[in-house]
Amino acid sequence: MSGREPAFVVVTGMSGAGRSTAAKALEDLGWFVIDNLPPGLLFAMAEEAGRVKLAADKVAAVVDVRSLAFTTDLNAAIEELDGRGVAVRVVFLEASDEELVRRFENVRRPHPLQGDGRLVDGIARERGILREVRANADLVIDTSNLNVHELRGKIVAFFGGENRPGLRVNVVSFGFKYGLPVDADLVVDCRFLPNPHWVPELRPMNGLDAPVRDYVLNQTGAKELLDAYEEVLGIIAAGYTREGKGYATLAVGCTGGKHRSVAMTEQIAARLRDRGGMDVQVSHRDVGRE
């Protein structure tokens, strides 16, 4: 393999979490995608892609856990690609056990690893096998609360641009009472700020409304947090870029994910955009749940 080799994206994750949807979204974006590729053949595929001069940054492989040596094979394949100068990015699709059970029951199919056991046994076994792969993934996407269109939208947001800036950051607000986003790389807790929920005229609004935004930002500690965290994120973003991590999810939480976290998410995202060098997306996971 010579010259500028195509970068590689490996799509993997939990069975039922949306690998096929992600693959189709990449194909629609013009990527060359091969599904159910054994990890041991990743280098051969990269070599062939270089031989036929496929477009750089447009080659992806979907691999799953059905091989008993999956983790060893995948890690070895990625190390071989890295050693030969091929940039590899791993996308891991995740979902909660409850959601995976619901999806498998809806299609009336067994889990590929359940054998003679229960569906939950197969999910638990797969989650254990994939633990190291998930920990080392460049991008983790939790599909528990996403439909196929929303998952496709995330794939397009991350991979659809031709000349987007370096680090791609998703800043998401959430409510602690609904659980932490499982795909978060960093978490900010805004619960130390007074809660607009207890202000009658602000309770029906959310953090996108100017009265709530102004109330939150005028509280003691709000600006100090934004200033300090902006500097911390600048350091982390630079480190991620040096280490080749292309994607990061920053979760900003308050109690219900409606007021404080939403207002602070918008402010953090605006500051990151102003710094430049990052492609910043915003989502508000729990707005409308109350």
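The legends below accompany close-up views of a predicted model.

View 1. Four strands form an open sheet in the order S7-S8-S6-S9, and their pairing is parallel. At the edges of this sheet lie strand S7 (186-189) and strand S9, each of which pairs on one side only. From one strand to the next, the twist averages 20°. As background for this view, strands of a sheet pair through backbone hydrogen bonds, in either a parallel or an antiparallel manner.

**View 2. The pairing of strands S7 and S8.** Strand S7 and strand S8 (residues 247-254) run parallel and are joined by four bridges. Within this pair, Leu 186 stands opposite Leu 250, a residue of S8.

**View 3. Helices that pack on the sheet.** Helix H6 (residues 148-159) packs on the sheet, where it touches strand S6 (167-175) as well as S8 and S9, and the direction of H6 makes about 145° with that of S6. Helix H8 (residues 222-242) lies across S6, S7, S8 and S9, and runs at about 175° to S7.

View 4. When neighbours within four places in sequence are left aside, the residues in contact with Asp 286 are Ser 173, Phe 174, Gly 175 and Tyr 178, together with Gly 256 and Gly 257.

Note on methods. Residues are numbered from 1 along each chain as its sequence is written. This is a predicted model: local features need pLDDT of at least 70, side-chain atom pairs count only at pLDDT 80 or more; totals for chains, interfaces and linings use all residues. Side-chain values use heavy atoms; hydrogens and water are left out. Contact means heavy atoms within 4.5 Å. Two strands pair if DSSP finds at least two bridges between them. Helices (H or I, at least four residues) and strands (E, at least two) are DSSP runs, numbered from the N terminus. Axes are lines fitted to C-alpha atoms, for helices over the stretch in contact, and angles run from 0 to 180 degrees between N-to-C directions.
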